Amino acid sequence: MAKNPKLPDNIDESNLGDVALNLLPKKYHKIARPLIPKLEEYIANNPEKLEQVLNQIKGVNQNVKREEQTDSQTSASL
């Protein structure tokens with residue numbers, strides 16, 4: 001997972017590909033980029049799945065925030 005991914009406040013089908021790439025380490029962007037159109041096509045054909053994908057993306061971002069808070073608390077206690 002990318003360190004400190006920057007996610008927009010509003011994630012929708014127009015920026016889903018960019019958000020997905022931002023969650024990956026840069027070394028995987030070249031591999032993942034050809035898959036982004038497939039993700040977008042999947043969402044276009046299954047709009048009910050957009051909410052599920054967004055929740056997974058938001059969940060990843062929340063996990064990163066929790067890890068950062070834990071790291072900063074651990075550092076402060078040392």
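This is a predicted model: local features need pLDDT of at least 70, side-chain atom pairs count only at pLDDT 80 or more; totals for chains, interfaces and linings use all residues.

Me: What percentage of the residues in the protein is buried?
Reply: A residue counts as buried when its relative accessible area is under 20%. The protein has 78 residues, and the buried share of them is 27%.

Me: Among contacts between residues at least 6 apart in sequence, what share joins residues at least 24 apart?
Reply: Contact here means heavy atoms within 4.5 Å. Of the contacts in the protein between residues at least 6 apart in sequence, the share that joins residues at least 24 apart is 44%.

Me: With which residues is Leu54 in contact, leaving aside its neighbours within four places in sequence?
Reply: Leaving aside neighbours within four places in sequence, the contacts of Leu54 are Ile11 and Leu16.

Me: How many of the residues of α1 are buried?
Reply: The buried residues in α1 are Leu16, Gly17, Val19, Ala20, Leu21 and Leu23. The helix α1 is largely enclosed by the rest of the structure, because the buried residues among its 8 number 6.

Me: Are α1 and α3 parallel, perpendicular or oblique to each other?
Reply: Two packed helices are described by the angle between their axes and the distance between the axes. The axes of α1 and α3 (residues 36-45) come within 9 Å and cross at roughly 130 degrees, and this crossing is right-handed. An angle of 65 to 115 degrees would count as roughly perpendicular and one over 145 as roughly antiparallel. The two helices α1 and α3 are therefore oblique.

Me: Which residues of α3 meet α1?
Reply: On the α1 side, the residues that take part are Leu16, Gly17, Ala20 and Leu21. Their partners in α3 are Ile36, Leu39, Glu40 and Ile43.

Me: How far apart are the C-alpha atoms of Pro37 and Gly17?
Reply: Pro37 lies in helix α3 and, at 47% relative accessibility, counts as partly exposed. Pro37 and Gly17 are 20 residues apart along the chain, and their C-alpha atoms are separated by 7.8 Å.

Me: Is Asn15 buried or exposed?
Reply: Asn15 lies in the segment before α1. Leaving aside neighbours within four places in sequence, Asn15 is in contact with Pro8 and Asn10. Its relative accessibility is 16%, and the cut-off for burial is under 20%. Asn15 therefore counts as buried.

Me: How far does the backbone oxygen of Leu24 lie from a polar atom of the side chain of His29?
Reply: His29 lies in helix α2 (residues 29-32) and is buried, with a relative accessible area of 12%. Not counting residues up to four places away in sequence, His29 touches Leu21 and Leu24. From a polar atom of the His29 side chain to the backbone oxygen of Leu24, the distance is 3.2 Å.

Key. Residues are numbered from 1 along each chain as its sequence is written. Side-chain values use heavy atoms; hydrogens and water are left out. Helices (H or I, at least four residues) and strands (E, at least two) are DSSP runs, numbered from the N terminus. Buried means under 20% relative accessible area, exposed over 50%, partly exposed in between (1.4 Å probe, protein chains only). A polar contact is a pair of N or O atoms within 3.5 Å; within protein, one must be able to donate a hydrogen and the other to accept it, and residues adjacent in sequence count only if both atoms are side-chain atoms. Axes are lines fitted to C-alpha atoms, for helices over the stretch in contact, and angles run from 0 to 180 degrees between N-to-C directions. Angles under 35 degrees count as roughly parallel, over 145 as roughly antiparallel, 65 to 115 as roughly perpendicular and the rest as oblique. A crossing is left-handed if the near helix is turned anticlockwise from the far one by less than a right angle, and right-handed if clockwise.
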